[in-house]
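Dear colleague,

Please find the sequence and structure below. My findings follow.

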Amino acid sequence: MFSRKVARRDPTAARSAIPAEGWRSKMSKITTELLLERAVPRSTRLRKIETLNLSKLQLKTGDLDPRLFSRLRHLQKLDLSDNLLDKFPNSLTLPDLRVLNCNNNKLEDVTALKQFPLLEELTYENNVYLTLNDDYKVMFLLQNLRLLNGKDITKLANHVRRVNSRKLTSKVTAHWKKFFRDQLPEKYTAEQVKSVKKKFLKSVQTNVVYGPSSLSEFTRWRVKMIAEEFLAQSLGLELSTDTEAEEKTDEDEEETTESPREAAEDVGQVTVTPNKRKRNNSKAGSGNKRSKSQANTEEEAVVNPQKSSHVQDDPAPDTPRTSNQPAKEATPEQGAEGTHKNGEQFPRGQSNRRSSQLTGEQKSQEENNGVVSLTPVKISKGKEDVSAEPLHFLQCHSKGNSREDFKTQLWSCVFEPLLDCGARKDPIVSSSRTVATCGGESVCLIDCETGTVLKKYKVVTEEFFSVAWTTLTMVIGDGRKKSHNILAAAGRRGIVKLIHVAADFCYGEIKAHKKPIATVCFGPTRETHLFTASYDKRIALWDIGIPDCDYNFKASQLLVLEVLSIPLRIALVPTCPDQYLLAGCESGCFAWNIKLDKEQKSRPFEAVFQFPDEDGAMTTSHRVDGLAFLNDDVIVSKSSKPGCIYVWSWSRSFDAKGKGCQRTVSAVILAELEWSMTDMSYLTLSTCPAKEYVFCGDEKGSVWMYSLSNYTTAWNSAKGKRSDKRISPAQILKWPELRANGEQLTEILINNVVSDPTFTYLVVLTGVNITAIWKKS
């Protein structure tokens, strides 16, 4: 028997292109010699090459010389993976190409692939700009395509090419006859035709709706294509060849009248770039460039419901399953469409039915759903009285549902807020026992008491870093209003997923940042206000809107806070959550004024806080990777200074700023909490204000718990003095001896520890893909 040691993995290191071997990584252009050398097998003539491997060469679009590629007349298989391509040239002229691999690039568009009509197999995974809509575009454009990203799409592609096209053609024709046919006189001029065409194309793309909202972009693309073909046949008009330019022109035109749907479609777009977080001090790499049509818009985000870059047959979220029972075939219990078994009526499109369109957040059908329950062999007990007992140890975030995955890092968890009605409430306690956890490619909802994984959402191209709850009052099918909990999840791709949990439906997404999102949180007073803190050194405030019964919604960016370094943790000041926000960053702790009555939408910080360093001198330069309010005034923060967690006063620290209007202020330290001497970063802390507890995990799998109720009264007094001695933890929960596949798990890093509001349950997230749940005795 041997111990399993799990290496610490960088959580969000900026993803760089994979270099080619040796001198080739520095080449900027493809030569004849390189093509001959990269042929499989090597060749002496370009026209004889059938298989070509151009992966890992840091190729950009300009390196694909059409004149050179036109000589590859018999090329059938081309590997362009792990490069920097953002698009394909329109004239590569590869008439016999059958297999194309474009994984791990920066592709923004797939329409140029129509130049390869014989293409049968196509893969473009890990191109974050490509979405489910692009999958449908290639299925329509490439009539011979059988495999897309390794999945057989023959049946779905036939539906897209035939049934979908027939339905849309019928709708387009009906729209012309009803609204536009009579606008042209018997004898019309070219100007009249041009005017009617312009109005018709705009109107038909807005009003012809078919299929789920997740495919609205594809539907508009096809509708425009069908409408232009219809006009060409009916009026003898030429088909537009520069569709990209026309689309841009249409987007830039000023609206005279705007319906709710048009308003949602006309929101400006902010694109994203994938990166990974780091566990060291190195900076995140530079992000991808935006597409030209997106480069100047940063104030609003386009709402793109249910996007994904993978095609799956079974996309709904995972059904409830206890951690120690085998998964059953997922079949949501419901009666008529849109009505749950318990009689609750959902908004249209919200029923628990499976949908073949909700691709990214699919319902996994693999054995056991990737959920493994581990039983401790031995529970360590210290000298203290054990105040919490371990309930469950779950391995439910595994990549590909692998039982061997002990590398996926778990980062964030938050308990679901209570509703006036709902099934996920513990009748005994006054707070929810359902917690949302995230890490790797999935977000899980877990019942803490039973260890049941109630739901599991997966996006195979994502790595989730943060989740947050809000409660929205939505209009349901019969016009009544009802409160529903909405979960926001974000991570490496810089995209916020919005999940309507009760409906098992990810109804939308917001392209919030070009780099990873480290953390998100909702404002406590305005349920639609969402803050996103990103590795692009910006904190953005969004209004996510409230979806209607068809899940149409409009999200807009309200504010951007400029940060000097990467923000890691954010907290709103409880006494004035609409006015001030704090952020713990890579280079210090900062405060911003976030009042929306100011005209300035992009704001620098108002104050940076100084803390004592190891030598006792005051410094602003230190990483703050833990930040939370214990009550209305007391803040708990953790920096990379070993063995120390600071407790300090917001009001007394920030009031000092007003006296001299200085930007640098000293934090008024109330106490120091004794903690591990590790220099490991990103082991964050949390608080339970109702019970006045602080929690923080360490590098050995232990959870440090501090009960501060005996100190807060003195701290809150006007003349509260600093505690002279470091405060020791009231309890240290030791990690139990845990075995997986007969091997003991060691080197357990505790990334996050969160309790429910009443401190009934304690959820511990680790760096070895284990979610531990403890219950207070």
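In what follows, two strands are said to pair if DSSP finds at least two bridges between them. Strands (E, at least two residues) and helices (H or I, at least four) are DSSP runs, numbered from the N terminus. This is a predicted model, in which local features need pLDDT of at least 70 and side-chain atom pairs count only at pLDDT 80 or more, while totals for chains, interfaces and linings use all residues. Residues are numbered from 1 along each chain as its sequence is written, and side-chain values use heavy atoms, with hydrogens and water left out.

I begin with a sheet. Strand β16 (residues 481-491) runs antiparallel to strand β17 (residues 495-500), and five bridges join them. One of the residues concerned is leucine 487, whose bridge partner in β17 is isoleucine 499. In general, strands of a sheet pair through backbone hydrogen bonds, either parallel or antiparallel. Here, four strands make up an open sheet with antiparallel pairing, in the order β15-β16-β17-β18. Because β15 (464-475) and β18 (505-511) stand at the edges with a single partner strand each, one side of each has no neighbour in the sheet.

The structure contains 17 salt bridges (a side-chain nitrogen of Lys or Arg within 4 Å of a carboxyl oxygen of Asp or Glu). Is each partner buried or exposed (under 20% or over 50% relative accessible area, with partly exposed in between; 1.4 Å probe, protein chains only)? Glutamate 509 is buried, at 1%, and lysine 497 is buried as well, at 2%.

A second salt bridge joins the side chains of arginine 98 and aspartate 96 (2.8 Å, N to O). At 26% relative accessibility arginine 98 is partly exposed, whereas aspartate 96, at 17%, counts as buried. Both residues belong to a network of salt bridges that also includes Glu120, Glu121 and Arg146.

Yours sincerely
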